[in-house]
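Hi,

Here is the model I said I would pass on. Have a look at it first, and my notes follow below.

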Number of protein chains: 2
Amino acid sequence: MNQRNTFQRTLTLDAVHALANHPTADDVYNFVHTKYPQISRTTVYRNLNKLCDSNDLLRVKIFGAADRFDHNLHSHYHFRCDECGEVCDLDAPYMESINEMFAGIGGRKVNAHQILFDGLCPECQKNSK
Amino acid sequence: MNQRNTFQRTLTLDAVHALANHPTADDVYNFVHTKYPQISRTTVYRNLNKLCDSNDLLRVKIFGAADRFDHNLHSHYHFRCDECGEVCDLDAPYMESINEMFAGIGGRKVNAHQILFDGLCPECQKNSK
DNA sequence: AGTCTTAATGGTATATTATATCATTAAGGA
DNA sequence: TCCTTAATGATATAATATACCATTAAGACT
């Protein structure tokens with residue numbers, strides 16, 4: 001028996017779909033918690049991990065901030081504004097060639113990569129002028 | 001009066017120079033602490049921040065791990081093993097050109113980027129055979 | 001449907017990284 | 001030497017995340 005479909009896991013996955021904009025684990029917890037108040041924060045974290053392991057979700061690691069979860073499984077890059085912290089998808093092609101460039105360094109097998117850009121979003125550029 | 005040269009600040013800066021291997025704040029604290037046991041952990045964190053603000057040090061943000069400090073280290077890429085979960089530095093050059101490739105998409109200003117590769121480390125490749 | 005194995009849950013504790021607060025100390029200009 | 005205030009150190013707290021463990025329940029197998 002490998003994986004069981006629990007109500008809590010379904011809620012967790014649905015929450016990431018409902019919260020379209022790259023929610024953090026905390027965002028997911030808050031959303032699920034309103035629908036099912038007795039859920040444990042631990043359960044949400046655990047299920048997010050499991051759902052990433054089973055490729056139902058994508059984990060987007062953010063430096064100096066909480067990981068975010070993405071229901072958009074097709075490879076794409078992300079941008080995080082240094083000012084407001086918002087994370088968004090970059091509408092740009094995934095560069096398969098980068099995997100090949102870095103394949104084999106130190107005897108490692110490269111399957112994929114993710115890129116996180118940072119800088120200023122249009123809004124925050126305006127505000128800083 | 002803008003900035004004062006305290007013994008503790010000097011110790012902190014010297015420690016980062018002495019610890020060649022892009023130390024974490026904790027590494028720096030431990031090093032300084034052996035020389036000056038009464039120093040506070042808060043003081044080390046605060047001085048590392050100040051030294052970064054004054055461009056005496058560079059902060060290197062790491063996905064899902066403590067920030068690292070160095071005076072000459074440039075951003076570098078990371079690899080995470082899908083099997084054992086270990087994260088390590090990739091000994092490969094930082095590609096400045098990627099910033100330019102993605103500059104201006106959606107009106108965003110790109111300052112930097114980080115790449116996280118995933119796949120199998122040499123150990124886990126052996127084990128999976 | 002009843003039983004059984006064990007994955008999953010929920011509550012609590014704990015780890016890690018880092019900043020906030022605040023009374024006290026001391027750097028360095030006057 | 002005095003004075004202003006930057007810096008310190010101790011403690012508390014925040015944010016993110018996992019460890020632990022007794023209990024519950026999913027779903028496979030009769």
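**What I found**

Of the 129 residues in chain A, 29% come out as buried, meaning that 20 or more other C-beta atoms, placed from the backbone, lie within 10 Å of the residue's own. Before you read on: this is a predicted model, where local features need pLDDT of at least 70 and side-chain atom pairs count only at pLDDT 80 or more, while totals for chains, interfaces and linings use all residues. Residues are numbered from 1 along each chain as its sequence is written, and chains are lettered from A and ligands numbered from 1 in the order in which they are written.

Chain A first. Its secondary structure amounts to five helices and five strands, taken as DSSP runs numbered from the N terminus (helices are H or I with at least four residues, strands are E with at least two). Starting at the N terminus, the order is α-α-α-β-β-β-β-α-β-α. Along the principal axes, the C-alpha atoms of chain A fill a box of roughly 45 × 45 × 25 Å. Of the contacts in chain A between residues at least 6 apart in sequence, 46% link residues at least 24 apart; a contact here means C-beta atoms, placed from the backbone, within 7 Å.

Now the part where the chains meet. Chain A puts 29 residues into the contact and chain B puts in 30. On the chain A side, strand 5 (109-120) and helix 5 (122-127) each supply at least two residues, and strand 5 of chain A gives the largest share, twelve residues.

Strand 5 of chain A runs antiparallel to strand 5 (residues 109-120) of chain B, and eleven bridges join them. One example is Val110(A), whose bridge partner in strand 5 of chain B is Gly119(B).

What does that pairing belong to? An open sheet of six strands with mixed pairing, in the order 4(A)-3(A)-5(A)-5(B)-3(B)-4(B); strands count as paired if DSSP finds at least two bridges between them. Strand 4 (87-90) of chain A and strand 4 (87-89) of chain B stand at the edges with a single partner strand each, so one side of each has no neighbour in the sheet. From one strand to the next, the twist averages 30 degrees, using lines fitted to C-alpha atoms as axes and angles from 0 to 180 degrees between N-to-C directions.

In chain B, strand 3 (residues 78-81) pairs with strand 4 in the antiparallel sense over three bridges, and His78(B) stands opposite Asp89(B) of strand 4.

Cheers

Methods
Contact = placed C-beta atoms within 7 Å. Buried ≥ 20, exposed ≤ 12 C-beta atoms within 10 Å, placed from the backbone.
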